[in-house]
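Biologist: I am new to this one. Could you walk me through how to read it?

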Amino acid sequence: MLPIQFALELEASTNIYVAGLSDAAATGIAPIITLINSSQKEFLQLLSVASAINIDTAPYPDINETQLLGSDSSWQQLNQNTAAADASMTELITLWAIYTAIDKSIQFYQQAASNSAHPQTRLFYSSLCQVKKILRRRIDGHIQIYYNHYWGQLGFAPFILGKD
């Protein structure tokens, strides 16, 4: 199996998972799920185009961060509109699951870049990795809102807060 095929299957599986969540998402995180779902669709489209390319004869498509992730202002607006008072553990667990799936794709793109002999392929996977890291960080920002809410409720951090 070629790495691009694996990437396509990985993103398709993640897309199916996130799309399922968008239908059943709690109202508090529905806008976040919608942005993530949109991002996943864009990744799938980019990988579909890239999978049809013979790297020896044509370059990979350009990676447009704004197209893949959505605008910065839309994510910033979500942070402002997230009410910690309405936090629920179900929403936190949902965001964790998505965060984990995104983290696994980051790990794959890092490995694909490291194990590629072709410079343009390394650059392509490294770029995908960087965009996924931005997406993961944006999701982590929302998770932190929930951490802070529960920290305030409990009086201590409910979980060990790791470093990125």
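Modeller: Read along the sequence, the pattern is α-α-α-α-α-α. That comes to six helices and zero strands. Helices (H or I, at least four residues) and strands (E, at least two) are DSSP runs, numbered from the N terminus. This is a predicted model, where local features need pLDDT of at least 70, side-chain atom pairs count only at pLDDT 80 or more, and totals for chains, interfaces and linings use all residues. Residues are numbered from 1 along each chain as its sequence is written, and side-chain values use heavy atoms, with hydrogens and water left out.

Biologist: What pLDDT does the protein average?

Modeller: pLDDT is the predictor's confidence in each residue, from 0 to 100. The protein averages 85, and 89% of the residues score at least 70. Where pLDDT is low, the predicted coordinates should not be read in detail.

Biologist: How do I read two packed helices? At what angle do the axes of helix 2 and helix 5 cross?

Modeller: Start with the axes. They are lines fitted to C-alpha atoms, for helices over the stretch in contact, and angles run from 0 to 180 degrees between N-to-C directions. Angles under 35 degrees count as roughly parallel, over 145 as roughly antiparallel, 65 to 115 as roughly perpendicular and the rest as oblique. Now the case. The axes of helix 2 (residues 30–51) and helix 5 (residues 89–114) cross at roughly 25 degrees and come within 12 Å. Helix 2 and helix 5 are therefore roughly parallel.

Biologist: Which residues of helix 2 and helix 5 make the contact?

Modeller: Contact means heavy atoms within 4.5 Å. Helix 2 brings Ile 32, Ile 33, Ile 36, Gln 40, Phe 43 and Leu 47. Helix 5 brings Thr 94, Leu 95, Ile 98, Ile 102 and Tyr 109. By class, nine are nonpolar, two polar and none charged. Ala, Val, Leu, Ile, Met, Phe, Trp, Tyr, Cys and Pro count as nonpolar, Asp, Glu, Lys and Arg as charged, and the others, Gly among them, as polar.

Biologist: How do helix 2 and helix 6 pack?

Modeller: Their angle is about 175 degrees, with the axes 12 Å apart. That makes helix 2 roughly antiparallel to helix 6. The residues of this contact divide into eleven nonpolar, three polar and one charged. Among them, Phe 43 and Leu 46 are in helix 2, while Leu 135 and His 142 are in helix 6.

Biologist: And at what angle do helix 5 and helix 6 pack?

Modeller: About 160 degrees, with their axes 8 Å apart. That makes helix 5 roughly antiparallel to helix 6. Their contact holds 20 nonpolar, four polar and seven charged residues.

Biologist: Now single residues. Is Tyr 150 buried or exposed?

Modeller: Buried means under 20% relative accessible area, exposed over 50%, partly exposed in between (1.4 Å probe, protein chains only). Tyr 150 lies in helix 6 (residues 119–154). Tyr 150 counts as buried because its relative accessibility is 15%. His 149, also in helix 6, is buried at 14%. Of the 164 residues of the protein, 38% count as buried.

Biologist: Which residues does Tyr 150 touch, leaving aside neighbours within four places in sequence?

Modeller: Ala 87, Ser 88, Met 89, Leu 92, Phe 156 and Pro 158. Tyr 150 and Ala 87 are 63 residues apart in sequence, yet 8.4 Å apart in space, C-alpha to C-alpha. For His 149 and Ala 87, the values are 62 residues and 7.2 Å.
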